[in-house]
Amino acid sequence: MPLVDRFLITGGCGFIGSHVAEALLQQGHSVALVDSLDSYYPAATKRANLEEVGRAGGFRLYEVDVRHPVALRGVFEKERPAIVIHLAARAGVRPSIRRPAVYASVNVGGTLHMLELARAFRVKKFVFASSSSVYGVTSRVPFCEDSADLKPISPYGATKLAGEMLCHAYAHLHGLSVTCLRLFSVYGPRQRPDLVIHKFIASLEAGRPIPIFGDGASGRDFTYIKDIVAGILASVSHGAQYDVFNLGNSRPVTILELVRLLEQITGKRTRLRFLPARAGDVTLTWADITKARRLLGYDPRTSLSQGLKRFLAWRHHAKSPALEGAGL
Ligand SMILES: NC(=O)c1ccc[n+]([C@@H]2O[C@H](COP(=O)([O-])OP(=O)(O)OC[C@H]3O[C@@H](n4cnc5c(N)ncnc54)[C@H](O)[C@@H]3O)[C@@H](O)[C@H]2O)c1
């Protein structure tokens, strides 16, 4: 990466985007954010994220929806970004089953508009946030990027795979340099309120039983936000025309192990409420990160226990109207 570059981050007010923005500002880069502050979770939570980002330096925020190409073009004309990190998306597996059309319009349509503008404005690197959900019910573990056995089982996973395919077409046709990153269960400060760690801790602290869907034996490869940010930044300098990387921790834990670890860390005991498994949930995510280690120098070092402690410390410190608004 040159000493200072012009970055455009979509979804920059969200969990991962706000951390990427903060890291880039700390390195002295020029940072513009595109975000519609959509209603998936409260805008107040996203504004609180921005307050934390603002401590690292000045940035420009464009409240623009990635489904609106004319407004997006205006942003590209003003910013002329050298690098685009495209994180804006409808995230969340289960809501995608209820509202597949919204997921398709944002995650596929929005990605197409971003690629089209990146091509037109000769962006040097386009980084796309894909997901472990593209693997779906593949039987080959750990999940490896060269697997042809990609079987998403939710509209969310399917839209992320479609996004990757569009990225490939644009790299092939137009010479756009694109890196797709399959992110695995990211957690840490500012984590989305709909994610499992946030919900479990809210239940633990309120003395409510923790709902477990299925038998609790399903495994997730939880990956700490700081490690993910390091992987995203390293991918910006990756020279290939088109490439795909897993960014995970490669140490899956079961949901029951997660609950026990949270009990140990908080010193609180909980009751479990077992409920039927939910459609769209995969039984295991497990990243093979050999390729990212070799080509990006990606080296996730945060243990789940360390990361959870940092998340808890942040959560107590940030116990703000924004979190209350998120129903936590
Ligand atoms: N958090 C994870 O564990 C995880 C795992 C795999 C992939 N990802 C991907 O990483 C990216 C960031 O995820 P996150 O956890 O930070 O989610 P997030 O919801 O916190 O951030 C997404 C941001 O995108 C914005 N956004 C949504 N729709 C938009 C639209 N139409 N136009 C402009 N902005 C819009 C939202 O307002 C939000 O600020 C997403 O693409 C997600 O699919 C996340």
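Reply: The axes of H5 and helix H6 (residues 155-174) come within 9 Å and cross at roughly 15°. Here axes are lines fitted to C-alpha atoms, for helices over the stretch in contact, and angles run from 0 to 180 degrees between N-to-C directions. That angle makes H5 roughly parallel to H6; angles under 35 degrees count as roughly parallel, over 145 as roughly antiparallel, 65 to 115 as roughly perpendicular and the rest as oblique. The contact involves, on the H5 side, Pro-100, Tyr-103, Ala-104, Asn-107, Val-108, Thr-111, Leu-112, Leu-115 and Arg-119. On the H6 side it involves Pro-155, Tyr-156, Thr-159, Lys-160, Ala-162, Gly-163, Leu-166, Cys-167, Tyr-170 and His-174. Two residues are in contact if their C-beta atoms, placed from the backbone, lie within 7 Å. By class, the residues of this contact are 12 nonpolar, five polar and two charged. Ala, Val, Leu, Ile, Met, Phe, Trp, Tyr, Cys and Pro count as nonpolar, Asp, Glu, Lys and Arg as charged, and the others, Gly among them, as polar. H5 passes H6 in a right-handed crossing; a crossing is left-handed if the near helix is turned anticlockwise from the far one by less than a right angle, and right-handed if clockwise.

This is a predicted model, in which local features need pLDDT of at least 70, side-chain atom pairs count only at pLDDT 80 or more, and totals for chains, interfaces and linings use all residues. Residues are numbered from 1 along each chain as its sequence is written. Helices (H or I, at least four residues) and strands (E, at least two) are DSSP runs, numbered from the N terminus.

H6 also lies across S5, S6 and S11, and runs at about 155° to S5. These strands belong to an open sheet of seven, ordered S3-S2-S1-S4-S5-S6-S11, with parallel pairing; two strands pair if DSSP finds at least two bridges between them. Strand S3 (60-62) and strand S11 (242-247) are the edge strands, each pairing on one side only. On average, neighbouring strands of the sheet are turned by 20° against each other, direction ignored. S5 and strand S6 (residues 178-183) pair in the parallel sense over six bridges, and Phe-128 has Cys-180 in S6 as its bridge partner.

Ser-18, Ala-21, Glu-22 and Leu-25 of H1 make the contact with Asn-49, Leu-50, Glu-52 and Val-53 of H2. The residues of that contact comprise four nonpolar, two polar and two charged. H1 passes H2 in a right-handed crossing.

Both H1 and H5 also reach the ligand. Around the ligand there are 30 residues, of which Gly-11, Gly-14, Phe-15, Ala-89 and Leu-183 come nearest; a residue is near a molecule or strand if its C-beta atom, placed from the backbone, lies within 6 Å of it. Helix H1 (15-26), helix H5 (100-120) and strand S5 (125-131) are the elements that give two or more residues to this shell. H1 gives the most, with three residues. The shell divides into 15 nonpolar, eight polar and seven charged residues.
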